[in-house]
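This report describes selected features of one protein chain. Please consult the sequence and the structure shown below while reading.

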Amino acid sequence: MHIGVDLDNTVLDATSSYLFYYNKASGKSFVSEDVQDFYLYRLYGWDQTEREKVYHTYGHDIHWHSRPFPMAVEVLRELFIHHEISIITARPSLFRDVTVKWLDYHGITYHRIVFTENKRHECISSNVDVLIDDAPHYAAEFAHHNMPVILFDQPYNSSVNTKLVNRAANWLDVKRILSELDSAIR
C-alpha cells in the first residue's frame, strides 16, 4: 500500500510550537485549548499578510522545535518496512531543509517527500492509496472524490464525518485502520 502522510498535527504537534512563536510575536498567551480553527493565525486576528510575515520570521524555529506525537516515529518505521511512505506536506518549500533535517533527527523513515498544497493531485499522480492528515478541507475533498483518508483528530476537524473518513485519535489507531484498509485492498 502507498501511504501519504502529512506532518503538522499529524506526525507532530505543530500547534504547541506555533503557539509559542505566535505568542512571542504578538505578546499574547494563547494555549492549545484556545485553538478551534485550522487556520491558527485567525486566533491572533491576523490577516494572511501578517501571518506570512510572522511565519517567515519564525518558521524555521516552529518546524525545528515541534515534537513528534507519541508512537508516530515507531509506527512510521514499522510501516516503512511493508509499505511505500510519501510525506506530503503543505509547508512551503522554503522550509524543505529544516523539514528534512527534522525527519532525519527523529529517525523518521520515508521513501519520498513532497511540498504541495494540492494533495489530492499529488496522491492521484503518485498512486497513493490513503492519506493521513488533520486538515478538514483535505478530508472533505478526498471523501468527495471517493478517496480514503485517515483524519487525525483535532478540535478544528470534528465536523468532518463522512463514510471515507476514518478518524484516528493516535498512532496506534492509525496502524489499526491502515491494517483494515490494507486487507480491504488486497
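Which residues does Ala25 touch, not counting residues up to four places away in sequence? The model examined here is predicted. In this model Ala25 touches Trp46, Val54 and Tyr58. Ala25 itself belongs to helix H1 (residues 14–26). With a relative accessibility of 36%, Ala25 counts as partly exposed. Thr57 is 32 residues away from Ala25 in sequence, and the C-alpha to C-alpha separation of the two residues is 9.3 Å.

**The sheet**

An open sheet of 6 strands is present, with the order S5-S4-S1-S6-S7-S8 and parallel pairing. Its edges are formed by strand S5 (112–115) and strand S8 (165–168), each of which pairs on one side only. On average, neighbouring strands of this sheet are turned by 20 degrees against each other, direction ignored.

Within the sheet, strand S6 (residues 130–133) pairs with strand S7 (residues 149–152) in the parallel sense over 3 bridges. Leu131 has Val149 in S7 as its bridge partner, and Ile132 stands opposite Ile150 in S7. In a regular strand, side chains alternate between the two faces of the sheet. In S7, Val149 and Leu151 point one way, whereas Ile150 and Phe152 point the other way. All four of these residues, Val149, Ile150, Leu151 and Phe152, are buried.

**Helices on the sheet**

Helix H4 lies across strand S4 (84–89) and S5, and runs at about 150 degrees to S5. Helix H6 (residues 136–144) lies across S6, S7 and S8, running at about 160 degrees to S7.

**Packing of H2 against H4**

Two packed helices are described by the angle between their axes and the distance between those axes. For helix H2 (residues 48–64) and helix H4 (residues 96–105), the axes come within 9 Å and cross at roughly 15 degrees. Angles under 35 degrees count as roughly parallel, and H2 and H4 are therefore roughly parallel to each other. Their crossing is right-handed. On the H2 side the contact is made by His60, His63 and Trp64, and on the H4 side by Val98, Lys101, Trp102 and Tyr105. The residues of this contact divide into 4 nonpolar, 2 polar and 1 charged.

**Two asparagines with positive phi**

Most residues other than glycine have a negative phi. Asn9 has a positive phi although it is not a glycine, and Asn127 likewise has a positive phi without being a glycine. The table sets out their values and positions.

| Residue | Phi | Loop | Relative accessible area |
|---|---|---|---|
| Asn9 | about 60 degrees | between strand S1 (2–5) and strand S2 (12–13) | 9% |
| Asn127 | about 60 degrees | between helix H5 (119–125) and S6 | 61% |

Asn9 is buried because its relative accessible area is 9%. Asn127, by contrast, counts as exposed because its relative accessibility is 61%.

Definitions and conventions
Residues numbered from 1 in each chain as written. Predicted model: local features only at pLDDT ≥ 70, side-chain atom pairs only at ≥ 80, totals over all residues. Heavy atoms only, no water. Axes fitted to C-alpha atoms, helices over the stretch in contact; angles between N-to-C directions. Helix = DSSP H or I, 4+ residues; strand = E, 2+ residues; numbered from the N terminus. Parallel < 35°, antiparallel > 145°, perpendicular 65-115°, else oblique. Left-handed = near helix turned anticlockwise from the far one by under 90°. Contact = heavy atoms within 4.5 Å. Nonpolar A, V, L, I, M, F, W, Y, C, P; charged D, E, K, R; others polar. Pairing = 2+ DSSP bridges. Buried < 20%, exposed > 50% of the residue type's maximum accessible area, 1.4 Å probe, protein only.
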